[in-house]
Amino acid sequence: MSWIDLIGFGPNGRGGLLLWATLMTLSVTAASLAIGAVFGAGVAAAKLSSSRVARVLGDAYTTILRGAPELLVIYLVYFGGSQAVSAVGRLFEYEGFLGLPSFLAGALAVGMISGAYQAEVYRGAFHAIAKGEIEAARSIGMGRVLRFRRIIIPQILRFSLPGLGNVWQLSLKDSALISVTGLAELMRTSQLAAGSTRQYFLFFIVGGILYLVLTTISGQLFAAAERRVAVSFSHGLGRS
Amino acid sequence: MDFEFLASTFVTLVKAVPTTLALFGASVVLGAALAVVLVVMRTAGGPILSAFSRVYVFIFRGSPLLIQMFLIYYGLGQFAVIRDSFAWPVLREPYWCAVLALAFCTAGYQAEIIRGGLQAVPPREIEAARSVGMSGFLLVRRIIAPITLRAMLPAYSTEIILMVKSTALASLVTVWEVTGTAQRLISQTYRTMEVFLVATLIYLVINFIIVRLIALLEHRLSPHLRERPRISGEGRTVTSLETPHD
């Protein structure tokens, strides 16, 4: 059997599986970006807060999640989460091991890491907002909530786009580590195909190429989004 | 909290620290050497070598380290040519496969960081050096290298921390460093949180020491850029050497 058949879509080909796995990598990364946005927004708010306790907790979160190896965080969420689920199961008199679904565990773990990076991105974006804009909003009588919704959030979203692009690329590569939980994403599927056919070199090259396709396309999408957003900055909306 | 368990976990994990540091040290040194070669190819190598360098950086920065490591560990051993070659005693060892993968990967990132530092060298300085008759290696050693080194240090320290964390992947090719040992402890004891905290503490201490060392080096290399002690501190702009890291 030639190598074309192995990665093709024929009866013995793994092409279909690999494409499915690519979609899985994409969706687990997207889920982790969304989870990370929630964590990131909360931690950024804590770090910008006037409460000392909140600031210390926010700093602890980003220091730990950015300083610990990604693999360790995945083990923590996967094993720790499964233990928690089993404990809940015992409450309902289910004796035995209940695993946390690997998609959920993986997205949560990578999301927690991405949240630490996103928190720094949002914090930087907040500081990039011109002070005058907030003062102007206050001077015409906008309240806290309205100011947040109309002035702060739209600008944070725009300023944080380049940073979010970097976080996305980082998460895309971190998602390969979710393979240790058994989720059939691109890394795990390449590994299984390599093992069962003994064609390690071929399948890791193909897997690597598929990752390159993902990072290249998403990099270009983010660049296009940045160009689009830049339009709103070019009219000099009262900023000097 | 069970301090006895934490202490015994700490002792077990600290025994794996030398392996982590050995992976880190060897791969950073090898990677830096490779990165310098890549930058020379990119900036002074002509169209073909420059294209090679660009493709190298694209491939190694665009794909996950784990797949690169598996490619070297499982992929290369598949070929009889390699199993019979002089390189096999090295490629047979999981430790060296991990070091090679880490070094190849970080070389791509480090090459971009060095190139960024190189762009910070003002052309005037080079012109001035040429006008007093410096050229070739002397120019690099006296003018270009010191300025580049200083400009790239902030981004470099970020990359170095990423490398400390990346050594964890070596556990997936059976090198028992800190994370691998921690995983083994977790599956033996089911005390996830405690083991995680102790292992993280070890990594944070390693990172902290390395960041301090690089900050010290940066401080020593830039006495002329430091501000004089301020008398009335208001209204002065602080210039920063910090370059954005991508």
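The questions and answers below concern a predicted model, in which local features need pLDDT of at least 70, side-chain atom pairs count only at pLDDT 80 or more, and totals for chains, interfaces and linings use all residues. Residues are numbered from 1 along each chain as its sequence is written, while chains are lettered from A and ligands numbered from 1 in the order in which they are written.

Visitor: How many helices and strands are there in chain A?
Guide: Helices (H or I, at least four residues) and strands (E, at least two) are DSSP runs, numbered from the N terminus. Read along the sequence, chain A follows the pattern α-α-α-α-α-α-α-α-α-α. The count for chain A is 10 helices and 0 strands.

Visitor: What percentage of the residues of chain A count as buried?
Guide: A residue is buried if 20 or more other C-beta atoms lie within 10 Å of its own, exposed if 12 or fewer, and partly exposed in between, with C-beta atoms placed from the backbone. The C-alpha atoms of chain A fill a box of roughly 75 × 50 × 30 Å, taken along the principal axes. Of the 240 residues of chain A, the buried share is 39%.

Visitor: Which element gives the most to the side of chain A that touches chain B?
Guide: Two residues are in contact if their C-beta atoms, placed from the backbone, lie within 7 Å, and 31 residues of chain A are in contact with 28 residues of chain B. On the chain A side, the elements that give two or more residues are α3 (52-67), α4 (70-91), α8 (161-174), α9 (186-197) and α10 (200-233) of chain A. With 10 residues, the element that gives the most is α10(A).

Visitor: How far apart are the end C-alpha atoms of residues 200-223 of chain A?
Guide: The unreviewed UniProt entry lists residues 200-223 of chain A among those for "transmembrane region", although such annotations may be inferred rather than shown by experiment, and positions are given in the numbering used here, with feature names shortened. Over residues 200-223 of chain A the chain is 100% helix and 0% strand. The end C-alpha atoms of this span are apart by 34 Å.

Visitor: Which helices of chain B do the buried residues of α2(B) pack against?
Guide: Helix α2 of chain B (residues 17-44) has 28 residues and reaches 40 Å from its first C-alpha to its last, close to the 40 Å expected at 1.5 Å a residue, where the expected span is 1.5 Å times one less than the number of residues. Its buried residues include T19(B), L23(B), F24(B), G31(B) and R42(B). The buried residues of α2(B) pack against α3 (46-62), α7 (94-119), α9 (136-166) and α10 (178-189) of chain B.
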